[in-house]
Amino acid sequence: MKLTNKQIQHFDEEGYIIIPELFSAEEVEVLNAEISDIFSQRREENVRENDGDTVRTAFATHTYNDVYRRFVRHPKILEPAEQLLEGQVYVHQFKLNAKAAFNGDVWQWHQDFGIWHRDDEMPIPQAMNLAVYLDDVTEFNGPLYLLPRSHKHGVLDAGHDTTTTSYPLWTLDEEKIRELAEQGGMVAPKGPAGTGFFFHSCLVHASPPNISPWDRLIVYVSYNNVKNYIRRFKRPGWIAHRDFTPLELEPEDCLVRV
Ligand code: SIN
Ligand code: MN
């Protein structure tokens with residue numbers, strides 16, 4: 001699936017695009033059917049919330065689950081990634097972010113590339129997230145908050161927050177968030193399961209805790225241009241992948257064919 005010029009222009013100017021009904025109800029059902037098995041596994045890739053039980057993020061699922069192995073090669077996300085990143089790509093990071101009903105914790109204000117650059121020595125922001133909603137995302141269940149156009153500022157100063165949640169993050173200070181929000185406003189992209197949400201790796205974003213009774217599962221594939229591979233292997237390979245082989249497309253019906 002190729003993006004239109006209008007979509008590319010919106011991505012360049014605002015730092016993100018929303019694609020309604022990117023995946024069908026049938027495809028979402030196939031992706032969701034794997035979740036209880038994945039989340040029930042006590043493996044290091046499944047990072048739990050501070051309660052020690054609720055899954056916060058299931059990393060690297062595409063390396064051991066065949067449905068997600070095909071998903072990261074799906075033309076609906078891989079082709080736009082190759083288009084926006086101008087070349088062949090590999091998966092730098094894969095996350096199923098659960099943001100579970102009642103227990104899903106905050107994600108502090110950050111830029112993904114700021115983390116990939118500082119922790120993994122990724123040279124330039126020729127990487128991005130192609131996310132798909134696997135639950136309906138509403139104003140209640142912890143949608144992402146974005147600061148449109150903040151990607152134009154490059155890598156911003158950040159401090160390493162290792163205490164707020166169960167997962168360490170390079171986070172921005174309140175003064176900078178206030179300034180960027182005054183300049184570009186704030187958006188919380190909502191939509192039913194199946195919605196696509198693609199965003200620039202320098203876009204500043206966060207999400208509040210989920211105190212609603214509804215789960216908010218989103219799958220994020222962070223693609224990186226193969227030439228922009230990471231230079232430092234400090235973090236575990238299941239957080240920052242080290243297989244830089246270009247991905248090859250699966251067929252359009254790879255999730256639903258019998
Ligand atoms: C992230 O920023 O990587 C995750 C945010 C979220 O899933 O709410
Ligand atoms: Mn992020």
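Trainee: How are the donor residues of the manganese ion (ligand 2) spaced in sequence?

Mentor: This is a predicted model, where local features need pLDDT of at least 70, side-chain atom pairs count only at pLDDT 80 or more, and totals for chains, interfaces and linings use all residues. Residues are numbered from 1 along each chain as written, chains are lettered from A and ligands numbered from 1 in written order, and side-chain values use heavy atoms, without hydrogens and water. Donors are N, O and S atoms within 2.8 Å of the metal (3.2 Å for Na, K and Ca); water is not among the atoms, so sites may look incomplete. The spacing is H-x1-D-x92-H.

Trainee: Which protein donors does the manganese ion (ligand 2) have?

Mentor: They lie 2.1 to 2.2 Å from the ion. The donors are His-110 (NE2), Asp-112 (OD) and His-205 (NE2).

Trainee: How many residues apart are Asp-112 and His-205?

Mentor: Asp-112 is in helix α6 (residues 112-120), His-205 in strand β11. Helices (H or I, at least four residues) and strands (E, at least two) are DSSP runs, numbered from the N terminus. The pair links distant parts of the chain, 93 residues apart.

Trainee: How far is a polar side-chain atom of Ser-207 from an oxygen atom of ligand 1?

Mentor: A polar contact is a pair of N or O atoms within 3.5 Å; within protein, one must be able to donate a hydrogen and the other to accept it, and residues adjacent in sequence count only if both atoms are side-chain atoms. For His-205, the distance to an oxygen atom of ligand 1 is 2.9 Å. For Ser-207, it is 2.6 Å.
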